[in-house]
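Take a look at the model below. Then follow a short walk through some of its helices and pockets.

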Amino acid sequence: MKRKIMDQNKGSEIMCAIEELSAMVKVKSATLVPVAEHGDVDDYAHARDAAFINHEAAHIPTRPFLSLCSLLLQVLDKIGPTMAVLRQDIHQNIRRLEVKHESDPSTYSNMVEILKMEKTEGIARNVTSSSRAFVWLTRSLDFTVALFQNLLRDPGKNMKQAVEESYNLTLKPSHRWISSAASKVALMLVPDNETFFSSLMEKDENYDNLKVEIETFLSLLVPYLEQIHSILRFYNLDKLKSN
């Protein structure tokens, strides 16, 4: 799914992602509740989650979420062939959720409703479930966060090292992608840091401006992903492994 925002040249992938996230955060704010409303909670993890969100009333707008993931594909394209397998997985998962949404846009406008439905039907963990697609798209966004944080902390870090470290932190625990010989070779083809950052800039933009954009993007995405992971834990989807 590619929203018209990119076609209308309203800005870079990062700026477009900021627009999507800003809209999603406004929707999310309606689901926040104080801890006291949940009463006594024995389990620490559930207590932590309760402090953030009313899981039953949570709203993750499907179309904006998928648009955000589509923008992620454009960022991965700039990293090069090493992202090919991951990019294919993301594309397939986006398409799976698009088909689900298009089958009944009103019912499936909220990703949480899809999670509820599949949990009730007992199909959430199926290989072709929408829930599984949502889990892997979330983890791919985790990878993006880790990569940008890695590069911002150390702008001079070798790009190959940054990609591999970010992958190991976010995807490898549940995935086997980077263990293949082909992917190891592909890692050698990633661009250097300067080339990567330049590819993200608009015409006449400088690194300092891009850095501010990325920091803004992360400031919106990180807490939003925390909310999503809280929801995934609530529906017992956080430990799903690849097949």
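The paragraphs below go from helices to pockets.

This is a predicted model, in which local features need pLDDT of at least 70, side-chain atom pairs count only at pLDDT 80 or more, and totals for chains, interfaces and linings use all residues. Residues are numbered from 1 along each chain as its sequence is written, and side-chain values use heavy atoms, with hydrogens and water left out.

Start with helix 4, residues 62-79. Helices here are DSSP runs of H or I with at least four residues, numbered from the N terminus. The expected span is 1.5 Å times one less than the number of residues. Helix 4 is largely enclosed by the rest of the structure, because 15 of its 18 residues are buried. Buried means under 20% relative accessible area, with a 1.4 Å probe and protein chains only. Just after helix 4 comes Gly-80, with a positive phi of about 110°.

Now find His-101 in helix 5. His-101 has a relative accessible area of 8%, so it counts as buried. Its contacts (heavy atoms within 4.5 Å) include Thr-62, Arg-63, Tyr-108 and Ser-109, leaving aside neighbours within four places in sequence.

Helix 7 covers residues 130-153. Its 24 residues reach 35 Å from first C-alpha to last, close to the 34 Å expected. Helix 7 is mostly covered, with 22 of 24 residues buried.

Next come the pockets. A pocket is an open set of points on a 1 Å grid over the protein atoms alone, where a 1.4 Å probe fits, with protein on both sides within 12 Å along at least five of seven lines; lining residues have an atom within 4 Å of a point. The largest pocket has a volume of about 290 Å³. Its lining holds 13 residues, and Asp-89, Asn-93, Arg-132, Trp-136 and Ser-242 lie nearest its centre. Helix 5 (84-103) and helix 7 each supply at least two lining residues. Helix 5 gives the most, with 6. By class, this lining has 4 nonpolar, 6 polar and 3 charged residues.

The second largest pocket holds about 160 Å³ of space. Val-135, Arg-139, His-229, Leu-232, Arg-233, Leu-237 and Asp-238 line it. Helix 7 and helix 11 (207-234) each give two or more residues to this lining. Which helix gives the most to the lining of the second largest pocket? Helix 11 does, with 3 residues.

Definitions and conventions:
Buried < 20%, exposed > 50% of the residue type's maximum accessible area, 1.4 Å probe, protein only. Points joined across faces, edges and corners; volume = space filled by probe spheres on them. Nonpolar A, V, L, I, M, F, W, Y, C, P; charged D, E, K, R; others polar.
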